[in-house]
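I had a protein model open today and wanted to get to know its inside. Here is what I was looking at.

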Amino acid sequence: MCYGRSLEASICFERVLLQEPKYLKAYQNLQNTKCELVERWHFRMLNDVVRNAAYKRAIQNQIKAGHDEVLDIGTGTGLLSLYALKCDGIRKVAACDGSEIMVQIARDVFGANGLSDRICLFQSFSQDLKIGDKFSLIVTETLDSGAFGEGILETLIHAKQNLLLPEGRIVPSQVVLYVSGYRSRALTASNILINEHFSSDFNLPSNCLISKEGIKCYDAEDVSRIKANDDFVFVTDTVCAMTVDFNDLECLVRCQEGLEVDQFELSCLDDGILDGFVVWFDLELDEDNKISTDPTTATCWNQAIFKLNQRLPVTKEQRLSLTMSCKDGALAISHNLNSMDNQISIDEHVLEYLNDAEYYNKLTTDIEEMEDLEKVLDLSLFPYTGLKLLKEGKTSMLFCLDRAEDLIEFIANQNDIPMSAIMLLSSLPEAFLLNDYTLDLIILQPVDVFGQINSEHFCQYQSLFPKLKPTGSIVPSRLELHGSIVHSDWIVKCCRVENPELHQFHIDRYLSTLETENHLDLGPFTYENLAEPAKLTDVHFDGKLHEADMQLALREPTDPAHIHAILYYYQIEFAPQKEFLSTQRVQSFAKRSAFIIPKDAFQGGNGNAQAGQENDDNEEEGGQPARTKVNRVNINIVQNHGVIKCNLLDCQ
């Protein structure tokens, strides 16, 4: 199979790992490439049995009603086409997709089901199809969290004009959008500055910093996960804001041209804070079948988040006037609630870092106890510690990266810090141009926002030592990897095909090579700790190979199939003999991550199970042999080139 250059790259990385399994830079690149080939939401979508069943019933209903010539737009793995091909009375099925990768997977899936000769498959966007045929039924699921972001309006306008018979139908038939106001610190921390300690230290006005990404229309977030962490509250009522009929050409054109503008009001439920608006939708497939992206229901979709550029105080029963439109397929909410103050736009991840008040306070406190800090190299996401030392006169020269140059200059001007005392570096290698024995302190960024070790800093750690004076220090002084064994249906559904129906269609066979083993950037999610969290290993500050084995005792005897992942995070010691700070915190800028246990790790029931394991019963209900439960899990931790990988060895 050939899925294009990205897949070729993944094959190269796999070959490298066959030759050298412990070369973890290739492992990391392989995981990243797989995520580029198939985004993780695709697995969640395929595992959504409610969504799939609703589409299946709607397609069956339409074909039974005589709409027996089907075009599947954006076919992906071909699932909706398979539903159509399995219907009695089907006359013709065609499918198209703009992705070379997905078309090849769909082609393989149709072949594995013996249906290659019954379907016409095109690698093309529907607007570019040159086939001459028209169809009585068009099915599609080209909707994002804001409904229209994948171009469904433009797609269906073209389809009705060029690909659909006059009496033909479209599934889904219409979409109904809902809006509510919300409060959430987690979402706000990635959009505006809310760390009062930082604002106070540098005399910054309120609302002075905003995320560059916050300027765009909306973000896609899984609100149900954030609610699970008690960090999402609805602060207004919910209203139906817009309805779009996908079978009405005039309606589609009006929406696409921005002529359909719906005005509505939200009423605040109580006194409080408003951070933005959340949008979800009901997708009516036909008269009998509907699916919803309501955040209170289990769904594969995220919701659309429209953030304010300030935390707005509101009062009970206060009325908020808004309008919704979708010109050119871009869902938009207009209002007059944003601050008009002058603001500086910075990177979203830098803003998350600045809003981690506990990290900020711990780092600055531990460093302020050090003495003789004449020259400091601060390689943090943002050099707030170095700038604070400059402001307080505890250092005379700061070297730092220029990734937030505008903000550095703004803070310097606000606090009478001469820019001549700050040397901006374009990259880490520039630090090696400094004279040896120059620096009193080097501050590294140990972990990135996604939950990975900052491999560049760690691999260069030993090379930075010659730049230190004999009495100089590097921060952090230690880093530990901690974690636990967890059970989580949610996390495995994000990483591999779990839906039995897709196994029957052989879809899992062709997606299995694109499954990932390392899920980064984990916010709150539902899981069960099967073992007590424990230190897994020390993280070594170099690029060399390090390896260790350890055993984790489970809280109680457990079915091996319930062991899904190793959830991991870090403990950071900034200065020797100081208390560690964990990234396992609700407001940590560095998210947790997880190593996914492969589905075949326990083939044969329980892996390399040892004699003497505990059985609850000899037989399960129905007379089937009981699966042997396990008490302990043995894992192997490998470090190389600043990358860590955890492997499951066996269970006992």
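My notes follow, one topic at a time.

**Ground rules**

I am working with a predicted model, where local features need pLDDT of at least 70, side-chain atom pairs count only at pLDDT 80 or more, and totals for chains, interfaces and linings use all residues. Residues are numbered from 1 along each chain as its sequence is written, and side-chain values use heavy atoms, with hydrogens and water left out.

**The cores**

I started with the nonpolar cores. A nonpolar core is a set of buried Ala, Val, Leu, Ile, Met, Phe, Trp, Tyr and Cys residues joined through side-chain atoms within 4.5 Å. Buried means under 20% relative accessible area, exposed over 50%, and partly exposed in between (1.4 Å probe, protein chains only).

The largest core has 97 residues, and the members that touch the most others are Phe148, Leu177, Val244, Phe246, Phe277, Leu283 and Met324. Helix α6 (residues 100-112) gives this core its largest share, seven residues. For the element names I noted that helices (H or I, at least four residues) and strands (E, at least two) are DSSP runs, numbered from the N terminus. Another core, of 95 residues, lies apart from it and has Ala421, Leu479, Ile572 and Leu581 among its members.

Which residues is Phe148 in contact with, leaving aside its neighbours within four places in sequence? I found Leu153, Val175, Leu177, Met242, Val244, Phe246, Cys326, Gly329 and Leu331. Contact here means heavy atoms within 4.5 Å.

**Helix α7**

Next I checked how covered α7 is. Eight of its eleven residues are buried: Ile152, Leu153, Thr155, Leu156, Ile157, His158, Ala159 and Lys160. Their cover includes β1 (69-73), β4, β5, β9 (233-245) and α11 (249-256).

Most residues other than glycine have a negative phi, and most peptide bonds are trans.

- The bond from Val171 to Pro172 is cis, with omega near 15 degrees. Pro172 sits in the loop between β5 (164-171) and β6 (174-183).
- Val475 and Pro476 are also joined by a cis peptide bond, with omega about 5 degrees. Pro476 is in the loop between β21 (468-475) and β22 (478-487).
- Ala147 is not a glycine, yet its phi is positive, about 75 degrees. Its loop runs between β4 (135-140) and α7 (152-162).
- Tyr437 has a positive phi too, near 60 degrees, and I found Tyr437 in the loop between β19 (422-425) and β20 (439-443).

**A buried lysine**

Lys362 lies in helix α13 (residues 357-368). I counted Lys362 as buried because its relative accessibility is 17%. What does its side chain reach at 2.8 Å? The backbone oxygen of Glu579. A polar contact of 2.6 Å also joins the side chains of Lys362 and Asp366. (A polar contact is a pair of N or O atoms within 3.5 Å; within protein, one must be able to donate a hydrogen and the other to accept it, and residues adjacent in sequence count only if both atoms are side-chain atoms.) Beyond four places in sequence, Lys362 is in contact with Phe574, Lys578, Glu579 and Leu581.

**Aromatic rings**

Rings of Phe, Tyr and Trp (its six-membered ring) pair if their centres lie within 6.5 Å; planes under 30 degrees apart count as stacked, over 60 as edge-to-face and the rest as tilted. A search of the whole structure gives 24 aromatic pairs. One of them is Tyr359 with Phe574, edge-to-face, at 5.2 Å centre to centre and 90 degrees between the planes. Tyr359 is in helix α13 and Phe574 in the loop between β27 (565-573) and β28 (581-582), so this pair ties together parts that are 215 residues apart in sequence. Tyr359 and Phe574 are both buried. They belong to one aromatic cluster that also includes Phe198, Tyr353 and Phe589.

Last, I traced an open sheet of three strands, in the order β10-β14-β15, with antiparallel pairing. β10 (262-267) and β15 (332-334) are the edge strands, each pairing on one side only. Two strands pair if DSSP finds at least two bridges between them; β10 and β14 (residues 319-325) have six. Leu266 has Leu320 in β14 as its bridge partner.
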